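Subject: Structure handover

Hello,

Here is the structure for you to look at. Please open it first, then read my notes below.

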Amino acid sequence: MLAKDLLFFWDGGIKLTNGLAVDFRRRQPQGFISHAHADHMARHELALCTAPTAALYQLRLGTRPVVELQYGVPKDWAGMRLTAFPAGHCLGSAMLHVEAGNCSLLYTGDFRLKRSFTAEPAQIPRADILIMESTYGQPHYRMPPREETVTRLFELVTRVLNAEMLPVIYAYSVGKAQEVTSALTKAGFSVWQHQQVYRVSQVYEQFGVTLGHYSLCNSELEMPAVLVVPPRASLPPLKFKLFRIAVTGWALDESTKYRLGVDEALPLTDHADYEELIQLVEQVAPDQIFCLHGPESFVHRLCEQGWQAKPLGQPVQNRLF
């Protein structure tokens with residue numbers, strides 16, 4: 001799909017018509033990186049991103065050439081005007097606003113509208129074209145208030161510690177692990193982090209995000225403690241019985257804990273839930289919408305509500321609008 005009037009085309013991923021690749025997982029001459037999760041970045045010849053994302057990108061993939069974008073400050077780039085806006089997903093995450101001629105486009109990347117403990121609050125600009133992630137694009141994915149889920153986490157951790165077991169919380173090393181750490185340390189729990197998480201947390205601290213007191217995990221871990229690790233991480237030899245807890249929006253599905261092989265799963269997410277997806281569309285008020293990473297049923301629901309919406313990266317099924 002090549003449409004210069006849309007400002008972008010699909011080439012196994014999104015590319016602006018000025019050649020800038022957007023969140024590509026394969027190396028490109030120039031690539032915008034919305035945030036530092038592995039499925040949104042590659043070792044580009046030149047990357048455009050915010051300063052925190054640049055630091056996390058280079059931590060994870062090595063020293064790379066970077067052009068830093070400041071939130072809300074336009075940058076002219078190959079005939080287009082680019083502006084980064086906070087996405088609320090993790091530290092440094094950014095939506096990309098693109099202007100060329102009389103047309104504008106907003107690419108959300110992963111985002112969250114509700115407030116985060118450790119990420120900049122999202123800001124949503126108006127745009128003619130919206131390219132949005134729609135991971136939780138089914139109506140039953142309405143997350144409970146974060147405070148409610150965090151309270152459940154505290155209660156669960158307390159019960160596990162009282163049973164003389166070690167709570168092990170599985171959370172992505174960038175973003176969710178810092179959310180969990182911040183909540184737990186503020187509540188007075190002793191937190192130990194896996195090395196991958198700890199290195200990322202040090203970058204958060206460098207950018208002024210205080211996570212409280214936490215320690216690097218090793219075989220000297222002392223109880224009572226809570227251990228925060230990435231999914232599928234290997235652990236050092238520990239002498240305690242483990243209780244495994246996953247934090248993920250998919251926990252709204254009762255089968256999640258069995259699918260992930262954990263003892264409990266709690267619905268803590270750094271993605272927009274269904275209501276936030278609809279809220280974003282209403283605030284951007286675009287003429288055209290393209291959806292990524294979500295169910296095609298969400299596209300159909302948008303069309304039923306009167307929006308012009310299509311899925312990206314998959315065949316488009318003909319339907320009456």
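The largest pocket holds about 900 Å³ of space. This is a predicted model: local features need pLDDT of at least 70, side-chain atom pairs count only at pLDDT 80 or more, and totals for chains, interfaces and linings use all residues. Residues are numbered from 1 along each chain as its sequence is written, and side-chain values use heavy atoms, leaving out hydrogens and water.

A pocket here is an open set of points on a 1 Å grid over the protein atoms alone, where a 1.4 Å probe fits, with protein on both sides within 12 Å along at least five of seven lines; lining residues have an atom within 4 Å of a point. A volume is the space filled by probe spheres set on the points, which are joined across faces, edges and corners.

The largest pocket is lined by 33 residues. Closest to its centre are Ala171, Tyr172, Lys176, Pro231 and Arg232. Strand 17 (242-247) and helix 5 (256-260) each give two or more residues to this lining. Strand 17 gives the most, with 3 residues. Helices (H or I, at least four residues) and strands (E, at least two) are DSSP runs, numbered from the N terminus.

The second largest pocket has a volume of about 200 Å³. Of its 14 lining residues, Trp10, Gly12, Gly13, Asp23 and His293 are the closest to its centre.

Now look just after helix 7. Glycine 306 takes a positive phi of about 100 degrees there.

Best wishes
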